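Q: Please take me through the features of a model one by one, giving the general idea of each before the case at hand.
A: Gladly; let us begin by looking at the sequence and the structure.

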Amino acid sequence: QVVGHTVAAAPWIAAIPALLLVVLLIAGHLGVLAAAQNYIQQRKEVAVGVAASTAQHVALQLETIVAPNVAIATAVKALPHVPSLAQVFPSLAADVLTKLDPVQSVTRIQIIPWGIISGVYPYTPQANLDTLNYRFFYDPQRLAVTQAFVAQGPDALDIIGPITLIDKAVGFVSRMALFMPHVPDNETWGMERPFAVPYAPGLVLGNATRAELGPCGEPCGVQVINGTRWRFWGLLNTVVRAAPLMRPLEALHTQPVAYKYVLFRVLDAALNEGVTRKQAEYYKMSSDTVVFASDPEVFGPVVSSDDGAQCSDVLVGTAINLKWAVCIAPIDGWQPEWLVAMQVMISVVSVILAGLVFAMLVSQQQHSMLLELMLPKSVIRKLRTRRMYAEPFNQVTILFSDIVSYTNMSSSMKPDEIVSLLNAMYCHFDDLADKHGLFKVETIGDAFMCVGGAPERCPPHLAAQRVALMALDMVEFARSYVHTDGRTVEIRV
């Protein structure tokens, strides 16, 4: 109640702390948000480098995946005659893998002249041998895909997958389309004759006609490029485990800032040619374009460019027909972990400071109000400047008042009743003093004293007139006053 009365008397006491609170909250939160944005920007700059480095390592792994095909292709071009090639193929493939696959991620290499698997290495397990004589162009599920790949022309390279391997591991297939230049139309590379290989006794290979290429159609015929006639020889397939490709991605989980990731095929690689392409458009993905992604049950929802992920192209050689990209985002999000705590702290500190200022202003105002009850404002102003106050007043009129028979009356009353009686009377007398422009000097017990003509000076007759009117009003009030217990009082003035 006291604080409410103080604020009601001086509303600015509440206005100043309220304004201070608003300023502190706005300034504090803007500062925290600015720091958070700077923190996020720094994290994204670091993430750009991490994404680029990861994409580079993935690209190296992809080039490692296609390297055996490229090496085998060189040997095939030197020895395209299939029966002869099939005899040396195991030793050739073993030598290639020794040099190019030290981690033994390759599970199978196949030569596929005319779309017919005619050589495989290694030839164990049995499942590898069982692929011999498989005809790609007579498999409706693979015809269209293989046909489209062959149509890309000589030495086309790509990687398909991920797929589930025979041992249930995850892997990829590297494919290469081989064409031979300047060969006659009747060239068969020995495929029309039956032949066998030592590692598959009793199995007849070859013994095929060009009719085998019939389902493939035009892509498997002759392609003329820059005046050179290229005739389709066949395919090379290398099946590899995905583990080496996964290593640079899994390493993202152990970075100082742990990232979740997604490796995916870019939907429209042609967008990359646009000078003004937007990242969100270029790095758009769908569930069927994702190659690998962090486990959503462990690391949260799959990364996307919509949540601010930083992305980088997987830049492989132009001979490899693929466009992949890597996107990463911190597992704990871009926002700093201290943001909420700082916002709460700013709010609490702002409220505390505003509350302290409010308490100080209330205390000062109550002090001022108490002084104003005891001293004239002109005196208070001088005292606040640390100056002594002494001023003579030659002509004033002084009023004294007390209660008739106060001693006898107070002896028959309880203390709280006496306080109630005196408070009711002197509050009214204070109002009368303000009404007539007088200054109340003091009250002692039942005695009341006020003065006219000081400290605010006025003509002597006017001061006397004010005091006389005050006296008449006091007497009139006392005559009609009845206390709550029914007592009446008389006063002397």
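**Reading side chains, bonds and strands**

Q: Which is Cys220, buried or exposed, at 4% relative accessibility?
A: Cys220 counts as buried because its relative accessibility is 4%, where buried means under 20% relative accessible area, exposed over 50%, and partly exposed in between, computed with a 1.4 Å probe on protein chains only. Bear in mind that this is a predicted model, in which local features need pLDDT of at least 70 and side-chain atom pairs count only at pLDDT 80 or more, while totals for chains, interfaces and linings use all residues, and that side-chain values use heavy atoms, with hydrogens and water left out. Residues are numbered from 1 along each chain as its sequence is written.

Q: To which cysteine is Cys220 joined by a disulfide?
A: In general, a disulfide is a covalent bond between the sulfur atoms of two cysteines. The criterion used here is a pair of cysteine sulfur atoms within 2.5 Å, and the structure holds two such links. Cys220 is joined to Cys216, with an S to S distance of 1.7 Å; the torsion about their S-S bond is about 70°, so this disulfide is right-handed. Cys216 has 0% relative accessibility and therefore counts as buried.

Q: Where in the chain does the disulfide of Cys311 and Cys327 lie?
A: This disulfide, with 1.8 Å from S to S, links distant parts of the chain, since Cys311 belongs to strand 11 (residues 310–314) and Cys327 to strand 12 (residues 324–330), 16 residues apart. Strands here are DSSP runs of E with at least two residues, helices are runs of H or I with at least four, and each kind is numbered from the N terminus. The link is right-handed, with 105° about the S-S bond. Cys311 counts as buried at 13% relative accessibility, and Cys327 counts as buried at 0%. With bonded cysteines counted along the protein chain, the disulfide pattern is 1-2, 3-4.

Q: How many aromatic pairs does the structure hold?
A: A pair of aromatic rings is described by the distance of the centres and the angle of the planes. The structure holds 13 pairs, counted when ring centres of Phe, Tyr and Trp (its six-membered ring) lie within 6.5 Å, with planes under 30 degrees apart called stacked, over 60 edge-to-face and the rest tilted. Tyr123 and Tyr199 have ring centres 4.7 Å apart and planes at 5°, so this pair is stacked. Tyr123 lies in the loop between strand 2 (119–121) and helix 4 (126–129), and Tyr199 in the loop between strand 5 (194–195) and strand 6 (205–206), so the pair ties together parts 76 residues apart in sequence. Tyr123 is partly exposed at 33% relative accessibility, whereas Tyr199 is buried at 10%.

Q: Which residues form one aromatic cluster with Tyr426 and Phe448?
A: Taking the pair first, Tyr426 and Phe448 are stacked, at 5.7 Å centre to centre and 20° between the planes. Tyr426 lies in helix 12 (residues 415–436) and Phe448 in strand 15 (residues 447–452), so the pair ties together parts 22 residues apart in sequence. Tyr426 is buried, as is Phe448. The cluster consists of Tyr426, Phe429, Phe448, Phe477 and Tyr481.

Q: Which charged residue lies over the face of Phe149?
A: Arg175 does, at 4.2 Å from the ring centre, given that NZ of Lys or CZ of Arg must be within 6 Å of the ring centre and within 35 degrees of the ring normal. Lys44 likewise lies over the face of Trp334, at 5.5 Å from the ring centre.

Q: How many bridges join strand 13 to strand 15?
A: Strand 13 (residues 397–403) runs antiparallel to strand 15 and is joined to it by five bridges, where pairing requires that DSSP finds at least two bridges between two strands. Ile398 stands opposite Val451 in strand 15. Strand 13 also pairs with strand 16 (residues 491–492) in the antiparallel sense over two bridges, and the partner of Asp402 in strand 16 is Arg492.
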